[in-house]
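Colleague: I'm new to reading models like this one. Could you pick a single part and walk me through it up close, with what surrounds it?

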Amino acid sequence: MAAPVVVVPRRFSVGDDPRVVAANELFDRIVELVAEAGLTPLLVDDPFVALSDVGGLVLPGGGDINPRRFGQVATSAVYDVNDEQDELDFTLAARAEEAGLPVLGICRGAQVLNVLRGGDLHIDLVPGEVPHRSTTAGELFGWHPVALTAGSRVRAAHESDQIIVGSAHHQGIASLGAGLVATGHAADGLIEAFEAVDGWVVAVQWHPEAPGTSEAVQRAPFAAFARAVESLSRVESF
């Protein structure tokens with residue numbers, strides 16, 4: 001039996017900004033983790049690609065969403081805004097949710113899912129006790145614990161109440177969109193994971209694919225996503 005196909009939107013960002021270079025490298029690792037979870041990643045740049053034979057959607061990290069999408073104005077902290085990327089990610093996410101497909105969002109992907117449902121973002125987090133991004137020159141990730149909510153999909157996936165994650169984001173969830181519930185928090189209260197109450201939609205603000213992440217934390221969200229995709233595929237085969 002062929003491995004279920006899942007869509008992964010391509011990244012359009014280019015240039016020598018270290019954040020862009022890192023995001024493109026991390027994208028490649030996400031594709032690898034999807035394949036290692038027993039799925040067939042289909043990289044697309046068409047927001048209207050046929051989804052009839054697709055089992056799910058993975059939304060990877062990347063640059064900032066255009067702030068106009070959540071009612072704010074860009075500041076000097078906003079970077080790598082690409083309206084073509086936004087159109088690809090938001091359209092695919094909306095279509096996947098409408099089709100009832102499992103969706104996994106990572107960092108920017110989590111923010112896309114939140115804004116899609118009417119949620120808001122902090123446009124630039126004030127540095128504080130939790131290192132949501134590195135403040136050391138030449139380093140990308142800040143490392144910190146995340147507490148996972150009992151009974152949530154993300155808690156079940158990791159089989160732990162707390163995990164250590166690598167983060168590289170200057171924005172974050174301010175308010176959740178309709179039908180979303182928080183399932184993970186940093187020590188400063190920032191939402192680090194959420195899921196939908198109306199379908200298999202799971203999002204994490206950290207980068208499970210970050211180098212230095214434990215193997216268990218790397219693979220957990222992709223394994224849970226793969227189980228959801230395979231479960232849906234079995235149901236549809238009857």
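Modeller: The chain has five helices and 11 strands, where helices are DSSP runs of H or I with at least four residues and strands are E runs of at least two, numbered from the N terminus. Keep in mind that this is a predicted model, where local features need pLDDT of at least 70 and side-chain atom pairs 80 or more, while totals for chains, interfaces and linings use all residues. Residues are numbered from 1 along each chain as its sequence is written, and side-chain values use heavy atoms, leaving out hydrogens and water.

Let's zoom in on α2, residues 83-98. From first C-alpha to last, its 16 residues reach 22 Å, close to the expected 22 Å (1.5 Å times one less than the number of residues). At the N-terminal end sits a cap: a side-chain oxygen of Asn 82 lies 2.9 Å from the backbone nitrogen of Glu 84. After the helix comes Gly 100, with a positive phi near 75°.

Now, which residues of α2 are buried? They are Gln 85, Asp 86, Leu 88, Asp 89, Phe 90, Thr 91, Leu 92, Ala 93 and Ala 96; buried means under 20% relative accessible area, with a 1.4 Å probe and protein chains only.

Just after α3, Gly 118 takes a positive phi of about 90°.

Finally, let's look at the cores. A nonpolar core is a set of buried Ala, Val, Leu, Ile, Met, Phe, Trp, Tyr and Cys residues joined through side-chain atoms within 4.5 Å. The largest one has 31 residues, and Val 58, Ile 106, Trp 206 and Phe 225 touch the most other members. Elements including β1 (5-9), β4 (103-106) and α5 (215-237) each supply at least two of its residues. The largest share, eight residues, comes from α5. Apart from that core lies another, of 28 residues, including Val 44, Val 54, Ala 96 and Ala 110.

Definitions and conventions. Buried < 20%, exposed > 50% of the residue type's maximum accessible area, 1.4 Å probe, protein only. Polar contact = N/O pair within 3.5 Å; in protein donor to acceptor, adjacent residues only side chain to side chain.
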